[in-house]
Amino acid sequence: MSRTRTQVGIVGAGPAGLTLAHLLQLEGIETYILEDRSREYVEARIRAGVIEQAIVDLLVEAGAGARLQHEGLVHHGIELQFAGERHRIPLSDLAGGRAIVIYGQTELVKDLIRLRLESGLPLHFEVSGVSVHELETERPLIRYRHEGRDEELECDVIAGCDGFHGICRPSIPAGVLSEFSRGYPFGWLGILAEVAPSNDELVYAHHERGFALSSLRSPELSRLYIQCRPDEDLAEWPDDRIWVELQTRLGLEGRTLAEGPILEKGVTGMRSYVCEPMRYGRLFLAGDAAHIVPPTGAKGLNLALHDVRVLADALATWHRSEDASGLDAYSDTCMRRVWRAEHFSWWMTQMLHRPEDGDPFDLKLQLSQLRYVTTSRAAATSLAENYVGLDMV
Ligand code: FAD
Ligand code: DHB
């Protein structure tokens with residue numbers, strides 16, 4: 001087995017791991033990134049699309065936002081549709097001028113991988129058998145297999161950026177973490193379609209047949225979602241059926257959606273989950289490895305990048321001056337934003353999705369809440385400031 005040393009060993013080359021590595025590179029801190037999937041797989045995985053202004057600013061300042069700035073679509077509002085009407089929430093007017101940018105997570109990941117590879121710093125894809133050890137010591141270790149060899153990476157700190165199904169969180173001994181979760185009896189069936197978006201802004205639609213969302217990736221690509229069962233079988237959803245359902249839930253009197261070839265389809269289950277603290281010894285968890293939200297508030301990707309910004313700052317301070325106060329406060333600092341996003345995502349989810357049993361009382365409450373959010377400036381402001389991202393750190 002060969003042994004290598006680095007300062008920060010990063011497990012996972014998703015948005016959290018790649019951004020952390022980039023921020024630490026700017027601070028002169030050595031990192032090693034280990035990813036168990038192939039580059040092609042990671043770059044093809046279609047996920048989130050809404051980026052908060054503060055995260056756009058972070059990426060641009062860090063020199064990782066050139067294409068995002070050029071190709072990202074700035075949106076100043078979203079629309080809520082219910083009872084056959086559409087209502088605009090003017091995000092920027094209500095939230096101090098801040099906006100959101102539509103830019104696929106896939107594109108962001110491609111940008112970060114390219115930057116990393118150009119820098120010549122270590123990023124290994126298709127590693128296997130990743131495990132973390134000696135977490136309570138000052139020399140935590142990552143063991144893995146790469147290109148037929150067993151490797152050992154000795155680190156000052158390990159960053160667990162390996163998503164919800166990764167190995168870092170389960171490596172923390174039982175009893176250390178407090179876990180909080182909520183399941184939902186539905187999922188989203190998402191498609192990417194080669195057709196110009198029918199709506200200028202995102203439309204979140206409440207409908208008696210279930211929620212639907214009209215989003216986009218570019219002036220030529222639409223991204224659309226419909227509420228489905230969490231275990232929905234895609235085989236039961238030929239393209240025609242998907243379009244009929246989208247037209248029913250998102251169409252309005254005299255307005256239909258433009259249809260086009262479906263390039264990709266997938267089903268995502270929904271869950272809220274948080275573990276506390278996001279640290280055990282010299283292992284720091286970030287992003288989906290520590291918390292997930294249902295996608296309705298578009299917060300998952302943004303939270304992951306807020307985490308790594310806090311972690312990178314804390315590691316830089318520790319590296320410069322041996323001051324560990326930022327690392328000691330890491331979990332508490334992140335938790336304030338995490339729980340705000342957990343609440344907002346849960347709230348948006350329960351306001352917009354058809355409950356499993358279609359209980360008429362729930363339906364009336366949802367419609368009342370939607371009416372309130374679209375007619376009261378105070379309620380709309382609350383939605384807007386959460387959606388564009390609150391200043392918390
Ligand atoms: P991830 O993106 O999950 O990255 C973790 C990385 O670690 C992956 O590359 C994985 O392959 C790697 N990894 C895992 N295990 C190991 C291991 N043992 N060794 C090495 N590497 C490992 N959010 C939204 O806001 N809107 C959406 O529409 C939306 N859709 C989503 C759809 C799906 C199917 C999923 C899973 C998530 C979605 N999200 C969405 C959430 C958002 O994409 C995540 O919050 C975001 O990807 C978090 O980034 P991350 O880097 O923390 O984790
Ligand atoms: C998208 C995803 C979301 O979860 C959301 O709330 C809005 C847009 C998207 O993929 O475009």
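This is a predicted model: local features need pLDDT of at least 70, side-chain atom pairs count only at pLDDT 80 or more; totals for chains, interfaces and linings use all residues.
Residues are numbered from 1 along each chain as its sequence is written, chains are lettered from A and ligands numbered from 1 in the order in which they are written, and side-chain values use heavy atoms, with hydrogens and water left out.

Back to Ser 272, which sits in strand β18, residues 262–276; strands are DSSP runs of E with at least two residues, helices are runs of H or I with at least four, and both are numbered from the N terminus. Is Ser 272 buried or exposed? Ser 272 counts as buried because its relative accessibility is 7%, and buried means under 20% relative accessible area, exposed over 50%, and partly exposed in between, with a 1.4 Å probe and protein chains only.

Let me turn to ligand 2. Among the 15 residues around ligand 2, those that come nearest are Tyr 204, Ser 215, Arg 217, Tyr 225 and Pro 295, where being near requires a heavy atom of the residue within 4 Å. An oxygen atom of ligand 2 lies 2.6 Å from a polar side-chain atom of Tyr 204, and an oxygen atom of ligand 2 is also 2.6 Å from a polar backbone atom of Pro 295. On its own ligand 2 has 290 Å² of accessible area, of which the protein covers 97%, with areas taken from the Shrake-Rupley method and a 1.4 Å probe. Which strand gives the most to the shell around ligand 2? That is β16, with three residues.

Around ligand 1 there are 30 residues, and Glu 35, Arg 45, Arg 47, Gln 105 and Asp 288 come nearest. A polar side-chain atom of Arg 45 lies 2.6 Å from an oxygen atom of ligand 1, whereas for Tyr 225 the corresponding distance to an oxygen atom of ligand 1 is 3.3 Å. The largest share of this ligand 1 shell, three residues, comes from α8.

Key: A polar contact is a pair of N or O atoms within 3.5 Å; within protein, one must be able to donate a hydrogen and the other to accept it, and residues adjacent in sequence count only if both atoms are side-chain atoms.
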